[in-house]
Amino acid sequence: MTFGAPWGLLALLALPVLVAAYFLRRKQPPRVVSALFLWRTPDLKAEAGPRFERFSRERSLLLESLAVLFATLFLADVHCGQRTQRQHVVVVVDGGLSMRAKVDGSSAAERVKTAVAALARDEHAGVMTIIESGPRPTMLAGPQLEVDRALAALEAWSPAQPAHDVTAALVMAKGSTSSTGQRVFFFTDGPLPEATTVPAEVQARSVGRVADNVALLSAQRHDEGGAATVTVRVGNFSERSREVPVTFETRGDASHLERVTLEPGATAVVRAGFKTTTPVTVSLPDDALTEDGQVTLLPSPLALVKVGFLEGLDAAAKSAVERFVAIAPSVQEATDAQLTFGPVGSTARVTLGATGATHGFVGPFFSLKGHPVFDDVQLGGVVWTAGDNQPGRPLLSMGQTVLVSETDEGVLHFNLDVAKSNVQRTVAWPVLLGNVLRLARASTPGVPRRQLMLGEDVALVTTPDAKWVLRGPGGRERPVLGVGAVTLPPLPEPGRWVLEKNGTAVDELLVLPLDPRESDLRTRGPWQVDATAAPSLASLAGGAPRAWWPVLVMLALVLADFWLTARARRPV
Amino acid sequence: MSGFDHAAVQRAAEGRRLRLPRGPHRGKLGEVRAASVGSSMELHDFRSYHPGDDLRHLDWNAVARTGELVLRVRQDEVSPRIEVLLDTSASMAVSEAKAARARELAGWLCVLARQTGLEPVLVLVGGAPRQSSGPNLLPTLATVALDGKASFSSALTRAPALRPCGLRLVVSDFLFEGEPSVVVDRLARGTSGLALVQVLDAEDVEPSGGSGARLTDAEDGTHLERLLTPDLLALYAERFTAHVGLWLAAAKRVRGSLLQVVATRSLGQLAREELAALVEVAGAGAP
C-alpha cells in the first residue's frame, strides 16, 4: 500500500478528537433503575436484545472511527497492489525538424521512441504524459495516459517544428507533474541554447548525432504571364566543400539541373525560370535530413484586380490612373470592377478630386505611420493641391488640411486636384496606386502568400457568413476565426494546407519544411544533464488516478452510523 | 447494614396483630384451627367408621341412636407457620429509602406474626437463599445485603421448595420480567393465605424527566441511553401500570392480595393506611 498524498494521513488526527468526544458523550448522567425492561422499546428488544443496546454507542464509535480511517485513505490517495508501484512519468520530446535526421540508419525521433519505452519500463510507469516542444507545446499523450496508449501515440509522432525555445514545453511538463519536485524527462538531439532555462527537476538527454547536411534554406516562386520564376537558397552545413546539384522539375516538363559549389557554411542562390503554371519541385541529393532537401512550390500568380471608373471623374485624374493601370500586372479595366475610382461624393471605393478653394502644399506631410497605403511612398518634391477636407480618418495631412482620409467602410478619399498637382508625375504616384491595388487584392478571399516557411505566420482573407477552415495534410483541421485579413499563428505541420469555405476548397498554401537552424546538424550530439532536484516521495505513486472506493466505504459507514444512532435515539 | 429502624418497627407493630385468613391453616399444634383433622375438642364433622379408625373417636351416642358406627371427626388446633419472603435483589436497593422500607416491612410483618402468636420464618430470596427464625430474625434483617444479581423470579426458582404454611407474606418490588401468574402460583402453593407487598421507590412510580440519561439495570447491569422526554415518561407510566395490573390480577386469582407502598412514606403511615388490610388492632376482633 502506498500513498500518493502522504500529507492526507494528517486526517488521522481526527481519531483522538472522535474518541475524546465519545468519552465526553458517555458522561451522560447515569441512573440505576429497578426495571430496565419497562424503558426498553419492544422492537429493539425483539430484533437485537439487550446486547444491541449495550454496545450501540461503542458500535457508533467503531463506525465513525472507520469512516475517519477511510476518509484518510482517500485524502492520502491510497493505492493497493501492483498498480501502486507504477509511476506517472512526464516526458518532453523535442519537436524540431532536425529530430528526423537519419544517421547510421536511425533518426533521432526513432531513438527517442526507443528511449522513452525503456524509460517507461525502468521507471515502472503506470501512466505517462508526453509533450512535444515547439513554438506552441502540444500534448502528444496525456495527461496521465496509460503507458501503452501513450507509447502508441508517440509511435505516430513525426517531429516537424521549426527551431524554438523549449522552456515553454518544460514549464508545461512541470505543471503536469503529480507533485512538486517530480522529475521531468526531456529528450532532444542537440545542445540547448544558452538562454534556455532548464528547471531543476528536468533530466535532459540528447540522442542526436553529428552529420553533414546540405539544405534548402528558402524557396520562392513568382508567376507572371504564365511564366514561373523559382528562386532557392542552398546552404552547406558540412565540414567540407560540396558541389551540389539542384534539380528543378515541373509536371510534364523536363527537369532542369543547376550545380553549385559551396564552401563549408556557405550559401548560394539558384534561380530558374519555367513556362508553366503547374507546381515546381526543387530537390537536392538525399542526405541526413531529406526533408529540407526537397520542396514543391505552388503556382503563385497575382490575383487579378478589376478596375473601373465612375462618371464625373476629373479627366486628368482618370488619365493618371489609367496610365498606371496600363502597366500594372494582373490589373484589368472592367465594368464589374472591384476597385472603382470616382469623383468626390461618388460611391467609388477611391475618390479622387478636390472641392472648394484649393491650396497647394509642398510638405512636410504627416502620414499615419504604418498604414499600408503609404508603404514606401516618398513625398519629397511633391506639390499636393487639395480643397475642402473629405470625411473619414485622416491618413495624410498638412496643417489643418486632410489630404487623404479613410472611412470606416474602407473608402479612400484622395483630396487631390490632379490637374494642379505634380503627384502623378513623381515616383510616389505608382507606389501609392500600387499600395491601393495591393489593398484591393488583399481583400480578395484566399491566401495572399502560398509558400510559407516553417514557423511562419499565415495570412488569410476571409468573408463573413461562411465557415472557413484550413485542412492540412492527413486531414488535420484548423478553423479560421475572424473576418477580413486574418493572421494565424504558424501551422503545426509542413505540407499542403487547403483553405475551405463552407467545405469547398477556395485556395491552398504550402508550408515548406525549411528552417536553416534545424538543418544545421553539425552541433548535434549525445549528452545528458541529470536533474538537480531529488525526486519526491509523492511522485512515486502519483501516477495512478485517485481511488474512490474509500469514499464509498466511508459513505456506507456514515449511513450505518446514522441508522444506528437514529435507532438508539428513537424513544419507542 | 443501615436503614433498619428497629424502634420504628416496634412502634408500628404496637397494638396490632396480623389479620389471618379465614380458611383453615396448617402448622404446629396451637391456637389456630388447622386444615387437617386431629384431636382438637372442637367438632369438625361426622362420618361412617372405616376399619383402622381410632375407636376412641366413635360417637357412642350416635351409635346408640342410629345403630351405626359413626365417627366424630375433630379439627386440630395448630399454630400456623408464617413465611415472610424478602426480595434481596439489587433492585430493592435502588435508593436508601426503598431498601430501608423493605427491611422494616419484613421486620414489621415478623413482629406482627409473633404478636399474633405465630412463629414467623424469614426467607431471603435474591442472592443465596437463606432462612432465619427465632431471635436472629430481626438482626438478620438489619444486616442483610440487598445486592442480589438475579431477579426475584429467577432466584425463587433456585431457592429450596417452599414449605406448606399458613400464611405467606412476600415483600418485593415485583419489577422483573416474567409471567406474574406463574410466580404467584408458585408462591400460593401450600399456603392458606398470600399477601404481596410491593415496595416501590418514588422513581419507580414516577421517574423524573430531563435530558438524556444512561439507564442501568440494578441487577444485571445492562443499560440503555434514552432522552427522557415527556412522551417517553408517559409511555413508561403506561407500561408500569399495566405491569402492576398483571400482578394484581394474578394475586386475585389465587385469592391473595397485592398491597403497594411507596418508600417515601414512613412505616407508621403505611401501617395505618396502605397496609391496614393486613392487620387488626389487638382486642378489636376480626371484622
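Leaving aside neighbours within four places in sequence, A:Thr72 is in contact (heavy atoms within 4.5 Å) with A:Gly8, A:Leu9, A:Ala11 and A:Leu12. A:Thr72 belongs to helix H3 (residues 49-75) of chain A, where helices (H or I, at least four residues) and strands (E, at least two) are DSSP runs numbered from the N terminus. With a relative accessibility of 1%, A:Thr72 counts as buried, a word that stands for under 20% relative accessible area, whereas exposed means over 50% and partly exposed lies in between (1.4 Å probe, protein chains only).

The model is a predicted one, in which local features need pLDDT of at least 70 and side-chain atom pairs count only at pLDDT 80 or more, while totals for chains, interfaces and linings use all residues. Residues are numbered from 1 along each chain as its sequence is written, chains are lettered from A and ligands numbered from 1 in the order in which they are written, and side-chain values use heavy atoms, with hydrogens and water left out.

Chain A has ten helices and 35 strands, and of its 572 residues 49% count as buried. Among the contacts in chain A with a separation of 6 or more, 69% are accounted for by residues 24 or more positions apart. Chain B, with nine helices and eleven strands, has 287 residues, of which 50% count as buried; here 74% of the contacts between residues at least 6 apart in sequence join residues at least 24 apart.

A nonpolar core is a set of buried Ala, Val, Leu, Ile, Met, Phe, Trp, Tyr and Cys residues joined through side-chain atoms within 4.5 Å. In the largest such core, which has 42 residues, B:Leu86, B:Leu105, B:Trp108, B:Leu169, B:Leu275 and B:Leu278 touch the most other members. Helix H3 (residues 96-115) of chain B gives the largest share of this core, ten residues. If neighbours within four places in sequence are set aside, B:Trp108 is in contact with B:Val9, B:Ala12, B:Ala13, B:Arg16, B:Leu267, B:Ala271, B:Leu275 and B:Val279. A second, separate core of 41 residues includes A:Ala328, A:Leu403, A:Leu416 and A:Val418.

The aromatic rings come next. Rings of Phe, Tyr and Trp (its six-membered ring) pair if their centres lie within 6.5 Å, and planes under 30 degrees apart count as stacked, over 60 as edge-to-face and the rest as tilted. By this rule the count over all chains comes to ten aromatic pairs. The rings of A:Trp39 and B:Tyr236 form a stacked pair, because their centres are 4.4 Å apart and their planes are at 25 degrees. A:Trp39 lies in the loop between strand S2 (30-33) and helix H2 (42-47) of chain A and B:Tyr236 in helix H8 (residues 230-253) of chain B, so the pair joins two chains. A:Trp39 is buried, with a relative accessible area of 3%, and B:Tyr236 counts as buried at 3% relative accessibility. B:Tyr236 is also stacked with B:Phe240, because the ring centres are 6.2 Å apart and the planes are at 15 degrees. These two residues, B:Tyr236 and B:Phe240, are four residues apart in helix H8 of chain B and are thus separated by about one helical turn. Elsewhere, B:Phe152, B:Phe174, B:Phe176 and B:Trp247 form one aromatic cluster.

On a 1 Å grid over the protein atoms alone, a cavity is a set of points where a 1.4 Å probe fits but cannot get out, and a pocket is an open set with protein on both sides within 12 Å along at least five of seven lines; lining residues have an atom within 4 Å of a point. Grid points are joined across faces, edges and corners, and a volume is the space filled by probe spheres set on the points. The largest pocket has a volume of about 1200 Å³, and of the 46 residues that line it, A:Arg441, A:Ala442, A:Val447, A:Pro448 and A:Arg449 are the closest to its centre.

A search of the whole structure finds three cavities of 30 Å³ or more. The second largest cavity, of about 40 Å³, has a lining that includes A:Ala108, A:Arg111, A:Asp189 and A:Arg524. A:Val207, in strand S10 (residues 202-207) of chain A, touches A:Ala108, A:Arg111, A:Val112, A:Thr188 and A:Asp189, not counting residues up to four places away in sequence.
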